[in-house]
Amino acid sequence: MMRVRIDPRFVPPMFITLILIVAHTTFGILEGLERTAIAIVSAIAAELALGRMTWGRWPHPASAYISGISVGILVRSPFVWPYVFASVISILTKYVLRLDNRHLWNPSNFGVSALLFLAPDTVTLLSIQWGNNIWPMAVIWMLGFVIVWRVGKLHVSAAYVVAFVVFAFVRSGLTGVPWQAALAPITGPMYQLFIFFMVTDPKVAVRSKSGQVVVAVVVAFVEMLFRLNEVIYAPFYALFLVGPAALLIERAIDRRQAPAVHPAAG
Amino acid sequence: MSRTLHLIWTTLLVAMLVGVVVINRSIVESRRAAAAAESGDLRRGFRFEEVSAARGVRFVHQAPTFDAKLEHIMPQIASMGAAVAVADFDRDGWLDFYVTNSGEGSLNALYRNNGDGTFADVAAAMGVADVNRPGTGVSTGAVWGDYDNDGYEDLFLYKYGRPELFRNDGGVRFERVTDRVGLPAWVNSNAAIWFDFDRDGWLDLFLGGYWSESVDLWNLETTRIMPESFEYAENGGRNYLFRNLGDGTFEECAEAMGVATRRWTLAAAAADLAGTGYPDLFLANDYGISELFANQEGRGFVEVGVETGVGRSPKSGMNAAFGDIFNDGRLAIYKTNISEPGVLVQANDLWVPRGLTASGLPVFENLATTMGVDLGGWSWGAQFGDLNNDGTLDLFLVNGYVSAGERTSYWYDFAQIAVGHNRIIGDARNWPAMRGRSLSGYQHSRVWINDGQGRFVEVAQEVGVTDTFDGRSIVFADLGNRGVLDAIVANQKGPLLIYANRVAPGRHWIAFELEGTTSNRSAIGARVEVHWGGRRQVQEVSGGSGFSGQNQRRLHYGLGDVDHVDRVVIRWPSGRVDTLESPAVDRLHRVREGE
């Protein structure tokens, strides 16, 4: 029997597309398919144009597809322009905000965070349940964990989830809010995208496995600090700050540990 | 990557980030009302003046206090109940209005128009004041309709509790007939309308459920009473449809007619949207999608929300109003939702018919953003009406959820719980305590005037609407028989406001008060198309619209500077069509079916 091998780069896009199709056909989660389509097309077009002009070759569109579809799912706005801007800004950051030949931010994390911060009157975030029973959530969690396990990032997602739960109880203890309410956000679909596609982005992760776990925990910790200050988009802002900081710290450590090169006297 | 290319991309990124700020700001500016103007300023063609005290109306709404298990979130649980409905209950030619109260033991008010610009509360004398006694629930709204066709408007009162029907006995008293007409013992409702869905000449009644009817909010057996989802909840109260049997009783037929859903209904309105001659039913539902029930020639309803476009995107629906905003003879639907900068921008919906489905139903397109009526804060009631008599329908919206501590906000905690799974959001115990904080409080109402070119312009401050109470119900009525639409606003835990309207001179109008003979006597469902100066506008007599509101039954048309009406076509609910040729302008026409 012929065995079908799937290019691993297509696995995350296929998974996120599956989530989208199931969620929208079942619950109508999107503002409209056309807006999500606009976000995807904008991201891919930007990627193709920028990649071609920058590197002289056509880049693989999988990454841009994930950025675009993430924007299309996460951004909620009655206007069309935020979908275009968030997607194009996401892709642009990959070409502008670079260090040692790698980009610093998860693209859609940057694009969405920028829109939320700069356009609070017209842009918000997906903040609802998909449906009202446990099965869609359970299926997405299981599939999500299988996917991140396959791409070797299960430890990152798991570390973040455990840390979030622990910090939720800490927040509950500090604020008097019921622990169920403190935990509630992680049961929502926004977090499913965040946990499986943003925190785990290999392009912006530190190299060591233990380092990745530490970064995930620190993201959850900074998120807790934001939440204690009632910042609604806490996880996005936390990742926005912690992700690049971790890369910069890793770079500094690398430089310190690298053997010093002394020019020959003469 | 070359330095030049990197510089170009960097410049582009910065430009786009700046662009985000600029576009966001420009949208906010475009939606912002012009500054308040001098009281004599009529540059918008009209101006409101708040006159409730001068007119003898000093009504302040009181909220209920439910079971102590809800104490921590009481302000939002007890956040509805301020309502107002207009009718000329004593047939003296002057419009009166009924106002609901919601405190346990509080009194509702029936303001009779004295005809001299003042009002007197006659609710106690007429027997419709003391309706909030402990154990019977509290009022959340009322609608007028002549269910027995005796020529006098009867009063249906819906509550979180026992609904009541009062028969108008010749305009001199009301007789409580609840026990003999077949109403359920307990319904937690925020919406009801009269309409003759089967066109048999007798008014039927739709009653929407909000909290489950099994819930007694004063004596909770469980705290698992909350919506199971913020946008997909179907665990609300059931809807009821009472068919008028014509003998003073009703038959409950929601299940058989296909409207017995459980979607936390907050507003209902009926009109012939599909062009069948039968009224279709639109429901704005909290925590979910809207529903549009297409009338199957009186034999039942089919839900067509997805097919027609209005029931696809779940939001927090709170209003249902119809208006021929383009003067093309087709009714658009305005549904309000929640918009809170930085948290949740659902935006309001303006569903405009743009075509037909394969089965001949209208296909609606949401033009709220295009036309500038999308952002209204935590929006509640809204109504269409020609406020400046220029010949196009304008829009008045009231808003604000809970105004408590100033510069405090419950939004973070609200957003946190709202996303939770049903095991979390569905239990009131899990909701964070409000602790005196506001939730979208102190908001400014919106008054959007229709420029006739496809845009609405916000002018509330400029025309004198400056209050920041928590508005719930807004209705229009020509209280002084002056040929203008005055506005009455019922505020939650706030005063009832009367905005008297003053329209610039030189603007003409025409109005119609219909009386059915073969049709239901209130003529609810009658469709009137006025043709003047090459223009036309359609309105339908309504048995309730907006949020917990009912406008005057009269239909009011502004004509601009045109002083001649060519023709008026009246299609009665019975199907009969009467045509008036060149009726006089600047006057109210009383028209009986077939005469």
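**Two chains and their contact**

Biologist: In this predicted model, how many residues does the contact take from chain A and how many from chain B?

Modeller: Both chains contribute to the contact. Counted by chain, the residues number 46 from chain A and 48 from chain B.

Biologist: Which helix supplies the largest share of the side of chain A that touches chain B?

Modeller: Several helices of chain A each give at least two residues to that side, namely α2 (33–55), α4 (81–96), α5 (107–118), α6 (134–150) and α8 (179–183). The largest share is eight residues, and the helix they come from is α4(A).

Biologist: How do the residues on that side of chain A divide into nonpolar, polar and charged?

Modeller: Tyr and Cys count as nonpolar here, and Gly counts as polar. With that sorting, the side of chain A that touches chain B has 28 nonpolar, 14 polar and four charged residues.

Biologist: Why is chain A called as compact as a globular protein of its length?

Modeller: Chain A is built from eleven helices and four strands. For 266 residues the globule rule gives 18 Å, and the radius of gyration of chain A is close to that, so the chain is as compact as a globular protein of that length. The radius of gyration of chain A is 19 Å.

Biologist: What is the radius of gyration of chain B, and what would a compact globule have?

Modeller: Chain B holds nine helices and 39 strands. A compact globule with 595 residues would have a radius near 25 Å, and the value for chain B agrees with this. For chain B the radius of gyration is 23 Å.

Biologist: What percentage of the residues of chain B count as buried?

Modeller: A residue is buried if 20 or more other C-beta atoms lie within 10 Å of its own. In chain A, 52% of the 266 residues are buried. In chain B, with its 595 residues, the share is 60%.

Biologist: Are α5(A) and α11(A) parallel or oblique to each other?

Modeller: Helix α11 of chain A covers residues 234–257, and its axis lies 10 Å from that of α5(A), at an angle of about 120 degrees. Angles from 65 to 115 degrees count as roughly perpendicular and those over 145 as roughly antiparallel. The pair is therefore oblique.

Biologist: Which residues of α11(A) make the contact with α5(A)?

Modeller: The crossing of the two helices is left-handed. From α5(A) come Asn109(A), Phe110(A), Val112(A), Ser113(A) and Leu116(A). The contact residues divide into seven nonpolar, two polar and no charged. Those from α11(A) are Phe236(A), Tyr237(A), Leu239(A) and Phe240(A).

Note on methods
Residues are numbered from 1 along each chain as its sequence is written. Chains are lettered from A and ligands numbered from 1 in the order in which they are written. This is a predicted model: local features need pLDDT of at least 70, side-chain atom pairs count only at pLDDT 80 or more; totals for chains, interfaces and linings use all residues. The radius of gyration is taken over C-alpha atoms; the globule rule is 2.2 Å times the number of residues to the power 0.38. A residue is buried if 20 or more other C-beta atoms lie within 10 Å of its own, exposed if 12 or fewer, and partly exposed in between; C-beta atoms are placed from the backbone. Two residues are in contact if their C-beta atoms, placed from the backbone, lie within 7 Å. Axes are lines fitted to C-alpha atoms, for helices over the stretch in contact, and angles run from 0 to 180 degrees between N-to-C directions. Angles under 35 degrees count as roughly parallel, over 145 as roughly antiparallel, 65 to 115 as roughly perpendicular and the rest as oblique. A crossing is left-handed if the near helix is turned anticlockwise from the far one by less than a right angle, and right-handed if clockwise.
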